[in-house]
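Hi everyone, thanks for making time this morning. I'd like to walk you through a model, so please have a look at the screen.

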Amino acid sequence: MPETKVKKTEDFNEWYNEIVELADLCDKRYPIKGMNVWRPYGWTLMSHIDQLIRDEMKKTNHQEVYFPLLIPESSFKKEEEHIEGFGSEVYWITHAGVNKLEEKWLLRPTSETAMYPIFSLWIRSHADLPLKTYQIVNTFRYETKQTRAFIRVREIHFFEAHTCHVNFEDAEKQIKEDKEIAKRLFDKLCLPFIFGKRPEWDKFAGADYTISIDVLMPSFRTLQLGSIHQYRDNFSKPYDISYEAEGGKHEFCHQTTYGMSERILGALIGIHGDNKGLVMPPEVAPTQVVIIPIIFKGKEKQVLSACETLYENLIKEGLRVQVDNRNITPGNKYYTWELKGVPIRVEIGPKDVEKNEIVVVRRDTSQKKSISNKLIVKTINEELKSIAKDLYDKAKKILNDNQHRVKTVEEAKKLKGIVELPWCGKENCALEIENILDGKTLGEPIDDKNCSHPCPICGDKSITWMRYAKTY
Ligand code: ZN
């Protein structure tokens, strides 16, 4: 069976660049760098991921909104740290037709500054709180580093939740809920991840603190899939988002945000794929089962009718199924569907029809077995569950095997993946470790962070473990 030109195990980054186009996810030939065309297979896959996010938002009483893409300069400039953080990444609109605009507009890099002036009109009393909203839209950032499909792009497919609360404690409850959402969501995507509290110098511009969601890619670099931010009243003060508390006093809201992007798709491709192509977690696979008729002269009718019957039965079960009737060899069909990562392939030939059987092949293990017609639905559902579990377990083992807690920089230097070292709390010590390891500070663990060893740089008492890794 043909495989990708570059092997995942030999050169992950090249393999990734090849597979996103071979598997029809995107087209990189659009004339603006970092703005790729989503092809139907990639867009369907992304919309299944979005649907899981929408389901989680509904379950937790968030409401979907849609704010405009363009933001006036004056709205953007109200929160100083925020502008400082995003200023160099913004695309500006200066003209409308032949006329120079009186006030410049920008393409949203994120939507705080579009939403908050309006939130200040929506929120009047404590009865309007909590306000829990989200949107899934495109955002724009002028990326100067090398772009990579779904991982580093200039037009971003972005999920952003924005919430307003009566006080800090209520906003903290939201952050707890956000972490639970992440656990449920990434479980369905078979993606084990770690939460980390970002260091002060690398938190979101304007946030009080930032919790990141990171996964480990097969290149031993981490990829940040999402972040959860506690804003306190840092934005509500400049944007005047306040409410009348009981007793008539005016209080500023406390706010949180939650951001994720198509990087989730990048992680799915990278973590689960292999030398034959994508391996899709059943929950989001655009096609979960593909049926391949094995045609022999004179037996076409029986075989095709068995395929149709099976198709109907599986569709009734709510599965996403396709019959591949194309006039090409079965081998070529296997190649297509393996490349696209369809979790289960079913083969039906004349002998199987005679024996009332089908052949089921798993994409992740290539395991093949014959099953009787009576057990088809049950077996396929069990196999899909088992594929999801195995994908998660395999990725979890790789994450565990490449996450190390050590006491000295010398030990850390010999290791791949994520390392945790004692940290005294001083920015300079962490930056020096970044230099030595040629990596980035990921952040401190959110639990199990007590450390009794001295800082490996200055020898002072440590306040926590700190994580470092090479990152995307
Ligand atoms: Zn130190």
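Predicted model: local features only at pLDDT ≥ 70, side-chain atom pairs only at ≥ 80, totals over all residues.

How much area is buried between domain 1 and domain 2? About 470 Å², and carbon and sulfur atoms give 61% of that. On the domain 1 side, the residues that lose the most area to domain 2 are Leu22, Tyr41 and His48, which together make up 68% of what that side buries.

Now for the polar side of this interface. There is one salt bridge across the interface of domain 1 and domain 2. While we're on salt bridges, do find Lys340 and Asp24 on the screen: their side chains meet in one, at 3.4 Å from N to O. Counting polar contacts between domain 1 and domain 2 gives two residue pairs.

You'll find Lys7 in the segment before H1. Leaving aside residues up to four places away in sequence, Lys7 touches Trp15 and Asn275. Lys7 and Asp274 are 267 residues apart in sequence, yet their C-alpha atoms are 8.0 Å apart in space.

Next, at the other end of the numbering I'm showing, Arg467. Arg467 belongs to strand S23, residues 464–471. With a relative accessibility of 7%, Arg467 counts as buried. What does the side chain of Arg467 make a polar contact with? The partner is the side chain of Glu420, at 2.9 Å.

Finally, some backbone details. The peptide bond from Leu129 to Pro130 is cis, and its omega is near -5°. Pro130 lies in the loop between helix H5, residues 112–122, and strand S7, residues 131–140.

Then there are two phenylalanines to look at. Phe150 is not a glycine, but its phi is positive, about 65°. That residue is in the loop between S7 and strand S8, residues 155–165. Phe220 also has a positive phi, near 70°, and it lies in the loop between strand S10, residues 209–216, and strand S11, residues 221–232.

Where do these two stand on accessibility? Phe150 is at 3% relative accessibility and therefore counts as buried. Phe220 is at 27%, so it counts as partly exposed. The cut-off behind those two labels is 20% relative accessible area: under that, a residue is called buried.

That's my tour, and I'm happy to go back to any of these spots on the screen.

Methods: Residues numbered from 1 in each chain as written. Heavy atoms only, no water. Buried area = accessible area lost by both parts, 1.4 Å probe. Salt bridge = Lys/Arg side-chain N within 4 Å of Asp/Glu carboxyl O. Polar contact = N/O pair within 3.5 Å; in protein donor to acceptor, adjacent residues only side chain to side chain. Helix = DSSP H or I, 4+ residues; strand = E, 2+ residues; numbered from the N terminus. Contact = heavy atoms within 4.5 Å. Buried < 20%, exposed > 50% of the residue type's maximum accessible area, 1.4 Å probe, protein only.
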